[in-house]
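Welcome! Take a moment to look over the sequence and the model before reading on.

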Amino acid sequence: MDITSEQDLRKISSKKDTFKLETDITVSEDFETIEEFNGTLDGQGHTIYNLNSAFIETLEKNSIVKNITFKQVELENELGLFYENNGEIQSSSVKNVNIENLDIEDIHKCGVIVKENYGKIEDCTVRDADI
């Protein structure tokens with residue numbers, strides 16, 4: 001399935017499938033975290049802008065997110081773009097990240113890309129992070 005809008009992006013949790021980002025997408029302030037993803041999301045080198053919450057809560061086993069960039073990420077008391085990774089995150093980058101109001105004292109696990117990793121993270125970068 002081709003992803004060309006925020007509305008398309010919101011639908012990826014509903015079925016196991018292969019999704020391809022066909023364009024850069026700027027999400028609105030009310031974009032909600034995708035609860036569960038069980039498929040393949042290929043960003044094809046495109047960018048998702050302006051996330052202000054986690055992108056995916058649980059990346060299921062055998063799921064893949066690859067070739068995608070997240071820019072202008074503003075996370076407040078969030079613990080990663082993905083809460084739990086049981087699949088694979090490949091060749092992706094996170095740029096211009098700003099995480100605010102993070103209370104490290106009460107947090108046992110945290111990360112910019114993933115809070116809890118039980119899968120594989122490969123060839124990913126984080127740049128210009130202000131934590």
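Predicted model: local features only at pLDDT ≥ 70, side-chain atom pairs only at ≥ 80, totals over all residues.

Residues are numbered from 1 along each chain as its sequence is written, and side-chain values use heavy atoms, leaving out hydrogens and water.

Let us begin with the chain as a whole. Its secondary structure comes to one helix and 15 strands; these are DSSP runs numbered from the N terminus, with at least four residues (H or I) for a helix and at least two (E) for a strand. Of the 131 residues in the protein chain, 40% are buried, where buried means under 20% relative accessible area, exposed means over 50%, and partly exposed lies in between (1.4 Å probe, protein chains only). The accessible surface comes to about 6,900 Å², and carbon and sulfur atoms hold 37% of that; such areas come from the Shrake-Rupley method with a 1.4 Å probe, and for residues only the protein chains shown count as cover. A contact means heavy atoms within 4.5 Å. Among contacts between residues at least 6 apart in sequence, 52% join residues at least 24 apart.

Next comes a sheet. Strands of a sheet pair through backbone hydrogen bonds, either parallel or antiparallel. Here six strands form an open sheet with parallel pairing, in the order 1-2-5-8-11-14. At its edges are strand 1 (2-3) and strand 14 (120-122), each pairing on one side only. Two strands pair if DSSP finds at least two bridges between them; strand 5 and strand 8 (residues 64-66) have three, in the parallel sense.

Now step into strand 5 (residues 40-42), where you will find Thr 40. Its bridge partner in strand 8 is Ile 64. Beyond its neighbours within four places in sequence, Thr 40 is in contact with Asp 17, Thr 18, Phe 19, Ile 64 and Lys 66. Thr 40 counts as buried because its relative accessibility is 18%.

Asn 86 and Lys 61 are 25 residues apart along the chain, yet their C-alpha atoms are separated by 4.6 Å. Leaving aside neighbours within four places in sequence, the contacts of Asn 86 include Thr 58, Leu 59, Tyr 118 and Gly 119.
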